[in-house]
Amino acid sequence: MVDFSAARLNMVESQVRTNDVTDVRVQDAMRAVPRETLVLPGKAYLAYADSDPEYAPGRRLLSPRDVAKLLQALAPQPGQKALAIAAPYAAAVLEHIGLTVERLEEGDLKTLPGKDYDLIICEGAVARAPDAWTAGLAHEGRLGVIERDGPVGKAVIYIRTETGLARRQVFDATPHFLTGFEPEQGFAF
């Protein structure tokens with residue numbers, strides 16, 4: 001029998017804190033949210049591994065390190081409005097921190113159910129964040145996503161400012177692509 005409470009603690013101590021995630025609210029939420037309940041049946045033992053386990057056919061959670069670093073870079077605050085795109089674990093962590101979270105798991109993931117989000121997060125890699133995702137941000141709203149067009153992706157944060165949209169890279173990551181968001185294949189010599 002797996003002791004999932006101990007596994008959660010070990011995940012935070014060995015995969016999160018050691019990767020410069022110092023936001024205590026993110027650490028505490030990750031110690032509390034039962035990640036094992038989000039993966040495919042029979043795969044709970046993979047929930048706390050340093051990997052991105054499948055939670056639905058073709059969908060994967062970000063590794064604990066990647067989701068923790070992305071959440072910390074987004075600087076979530078209690079009371080904010082968030083959207084989690086194919087991101088059930090990030091949604092649960094944000095709710096634990098005190099955000100109001102909408103989930104987008106089904107249908108066209110490029111069309112948002114609302115707008116004026118303080119925070120948007122996606123747990124799968126995309127070739128490039130769709131314009132609709134950045135358009136859904138409120139003033140000072142942040143989008144956290146991993147953009148990838150080769151073997152290594154970049155976790156990026158988009159911020160809606162008074163003068164437009166700012167983008168900064170925060171760390172390297174190699175998660176699986178979110179289905180339908182892969183880079184287009186072109187011809188090359």
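Me: Why does Arg31 count as partly exposed?

Reply: In this predicted model, the relative accessibility of Arg31 is 27%. Buried requires a value under 20% and exposed a value over 50%. The 27% of Arg31 falls in between, so the residue counts as partly exposed.

Me: What makes Arg31 and Asp28 a salt bridge?

Reply: The closest N and O atoms of the two residues are 2.8 Å apart. The cut-off for a salt bridge is 4 Å, between a side-chain nitrogen of Lys or Arg and a carboxyl oxygen of Asp or Glu. The value of 2.8 Å lies within that limit, and therefore the pair qualifies. Both residues belong to helix H2, three residues apart, about one turn of the helix. Asp28 counts as partly exposed because its relative accessibility is 38%.

Me: Which residues are linked with Arg31 in a network of salt bridges?

Reply: The network links Arg31 with Glu13, Arg17 and Asp28. In the whole structure, the search finds eleven salt bridges.

Me: How do you know that Glu36 forms a salt bridge with Arg8?

Reply: The closest N and O atoms of Glu36 and Arg8 are 3.1 Å apart. That distance is within 4 Å, so the pair meets the criterion.

Me: Which buried residues does H1 have, and what do they pack against?

Reply: Ala7, Arg8, Met11, Val12, Gln15 and Val16 are the buried residues of H1. They pack against H2, helix H3 (64–74) and helix H4 (88–97). At the start of H1, the backbone nitrogen of Ser5 has a side-chain oxygen of Asp3 within 3.2 Å.

Me: Why is the pair of Lys154 and Asp172 said to tie together parts of the sequence, and what makes it a salt bridge?

Reply: The N to O distance between the side chains of Lys154 and Asp172 is 2.5 Å. This is within the 4 Å limit, so the pair is a salt bridge. Lys154 lies in strand S7 and Asp172 in strand S8 (residues 164–173), so parts that are 18 residues apart in sequence are tied together. Lys154 has a relative accessible area of 31%, so it is partly exposed. Asp172, with a relative accessible area of 40%, is partly exposed as well.

Me: Why is strand S6 described as largely enclosed by the rest of the structure?

Reply: Strand S6 (residues 137–147) has eleven residues, and nine of them are buried, so the strand is largely enclosed by the rest of the structure.

Me: How do you know that S6 pairs with S7, and what joins S5 to S6?

Reply: Strands pair if there are at least two bridges between them. S6 and strand S7 (residues 153–161) share six bridges, so they pair, in the antiparallel sense. These two strands form a hairpin with five residues between them. Six bridges also join strand S5 (residues 117–126) to S6, and those two strands run parallel. Gly144 of S6 stands opposite Ile121 and opposite Ile157 in S7.

Me: What makes Phe4 and Tyr48 a tilted aromatic pair?

Reply: By the rule applied, there are two aromatic pairs. In the pair of Phe4 and Tyr48, the centres are 6.2 Å apart and the planes stand at 45°. Phe4 is partly exposed because its relative accessibility is 22%, whereas Tyr48, at 8%, is buried.

Me: Why is the pair of Trp133 and Phe181 also called tilted?

Reply: Trp133 and Phe181 lie 5.5 Å apart, centre to centre, with 35° between the planes. The distance is within 6.5 Å and the angle lies between 30 and 60 degrees, so the pair is tilted. Trp133 is in helix H5 (residues 131–135) and Phe181 in the segment after S8, 48 residues apart. Trp133 counts as buried because its relative accessibility is 0%, and Phe181 is buried at 7%.

Me: Which residues have the most contacts inside the largest nonpolar core?

Reply: They are Met30, Ile85, Ile121, Trp133 and Val145, in a core of 60 residues. Beyond its neighbours within four places in sequence, Val145 is in contact with residues including Leu70, Cys122, Trp133, Lys154 and Tyr158.

How values were computed. Residues numbered from 1 in each chain as written. Predicted model: local features only at pLDDT ≥ 70, side-chain atom pairs only at ≥ 80, totals over all residues. Heavy atoms only, no water. Core = buried A, V, L, I, M, F, W, Y, C linked by side-chain atoms within 4.5 Å. Buried < 20%, exposed > 50% of the residue type's maximum accessible area, 1.4 Å probe, protein only. Contact = heavy atoms within 4.5 Å. Helix = DSSP H or I, 4+ residues; strand = E, 2+ residues; numbered from the N terminus. Polar contact = N/O pair within 3.5 Å; in protein donor to acceptor, adjacent residues only side chain to side chain. Phe/Tyr/Trp six-rings, centres within 6.5 Å; stacked < 30°, edge-to-face > 60°.
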